[in-house]
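This briefing covers the ligand site of one structure and then a set of individual residues. Please read it beside the sequence and the 3D view.

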Amino acid sequence: MPPSLYSDLMAAKKRNEKRLAILFDPDKLRLEKMERALELAVECGVDYFFIGGSLVVNSMLDPLLASIRERCKIPLLLFPGSSFQLSYRADGILLLSLISGRNPELLIGQHVVAAPYLKMSPLEIISTGYILVDGGVQSSVQYMSNTSPIPSGKNDIAICTALAGEMLGLKTIYLEAGSGALNPISESMIEAVAGTLTVPLIVGGGIRTPEKVAANFRAGADVVVVGNAIENDPGLIRELAAAR
Ligand code: 1GP
């Protein structure tokens, strides 16, 4: 049996090896740009593709997963905005519980609906404590989830939320500033949260430069996620990958 995505991620964390994830939102995808992004991702050894978005109103999810799989073996992880965004064609799913919020649907409700599907599926399930932090502009996640993000300067709240998530058994913690955030998660918050966790820390939202990727890794992120910046300019993948 191949090693699981999660044990591989934990092993990488122990070796202090960093991972880059590219987020494809099926709604925003432009095919010509995706082709280029895939080529470069393979060439540069990108570690994961995360697939999902806050809405996903088109029916592109299955065809998108199939067409990426035809072209490369980079692991495909669903990053679903709702229980409608599920597919057997991925390798795994970040099963997100929005632990920064107090919306029961996103803490446990949608998970109950999705559980029978997931139980039957071949997907590897990686439970994830999803923590939304204020990124300086109202994000789609904030609006759609009807929750308040953690204020960007409140490292203590982020630490306690992440710790509670780990204590509840969640396998990773994801600090999210929201897609297109003006202010990505601060290095000081990443450092504070990473310092208290034993599970892998994923960071995303508003990350646009290799310098920022490198700074996030130095601060303790195990996985950095970039979406918009690559959708705009797939050529950036080379520099982002070199920042690991
Ligand atoms: C993934 O939402 C982010 O965590 C992606 O954000 O699109 O701003 O890179 P960007």
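A polar side-chain atom of E176 lies 2.8 Å from an oxygen atom of the ligand, a polar contact in the sense of a pair of N or O atoms within 3.5 Å (within protein, one must be able to donate a hydrogen and the other to accept it, and residues adjacent in sequence count only if both atoms are side-chain atoms). The model is predicted: local features need pLDDT of at least 70, side-chain atom pairs count only at pLDDT 80 or more, and totals for chains, interfaces and linings use all residues. Residues are numbered from 1 along each chain as its sequence is written, and side-chain values use heavy atoms, with hydrogens and water left out.

**Ligand site**

- S179 places a polar side-chain atom 2.7 Å from an oxygen atom of the ligand.
- For Y174, the distance from an N or O atom of the side chain to a ligand oxygen atom is 2.4 Å.
- On its own the ligand has 310 Å² of accessible area, and the protein covers 97% of it; such areas come from the Shrake-Rupley method with a 1.4 Å probe, and for residues only the protein chains shown count as cover.
- The shell around the ligand consists of L23, Y174, E176, S179, G180, G204, G205, G206, V225, V226, G227 and N228, where a residue is near a molecule or strand if one of its heavy atoms lies within 4 Å of it.
- By residue type, this shell divides into four nonpolar, seven polar and one charged. Here Ala, Val, Leu, Ile, Met, Phe, Trp, Tyr, Cys and Pro count as nonpolar, Asp, Glu, Lys and Arg as charged, and the others, Gly among them, as polar.
- Strands β6 (172-176) and β8 (223-226) each supply at least two residues of the shell; helices (H or I, at least four residues) and strands (E, at least two) are DSSP runs, numbered from the N terminus.
- The ligand sits in the largest pocket. On a 1 Å grid over the protein atoms alone, a pocket is an open set of points with protein on both sides within 12 Å along at least five of seven lines, whereas a cavity is a set of points where a 1.4 Å probe fits but cannot get out; lining residues have an atom within 4 Å of a point. A molecule sits in either if more than half of its atoms lie within 2 Å of its grid points.

- Most residues other than glycine have a negative phi.
- N16 has a positive phi, near 55°, and is not a glycine. N16 belongs to the loop between α1 (5-14) and β1 (19-24).
- N16 is exposed, at a relative accessible area of 55%; buried means under 20%, exposed over 50%, and partly exposed in between (1.4 Å probe, protein chains only).
- N146 also has a positive phi, of about 55°, although it is not a glycine. The loop between α5 (140-145) and α6 (155-167) holds N146, which is exposed with a relative accessible area of 69%.

**Buried loop residues**

- S87 is in the loop between β3 (76-78) and β4 (92-98) and is buried, with a relative accessible area of 2%. The side chains of S87 and D62 are joined by a polar contact of 2.5 Å.
- V46, in the loop between α2 (31-44) and β2 (48-51), is buried at 5% relative accessible area. V46 and G135 are 89 residues apart in sequence and 25 Å apart in space, C-alpha to C-alpha.
- P234 is in the loop between α9 (228-232) and α10 (237-242) and is buried, with a relative accessible area of 8%. From P234 to R218 there are 16 residues in sequence and 24 Å in space, C-alpha to C-alpha.

**Other positions**

- I108 is in helix α4 (residues 104-120) and counts as exposed at 52% relative accessibility. Its C-alpha atom and that of G169, 61 residues apart along the chain, are separated by 14 Å.
- S4 is in the segment before α1 and is partly exposed, with a relative accessible area of 25%. The C-alpha atoms of S4 and E124 are separated by 7.6 Å, with the two residues 120 apart along the chain.
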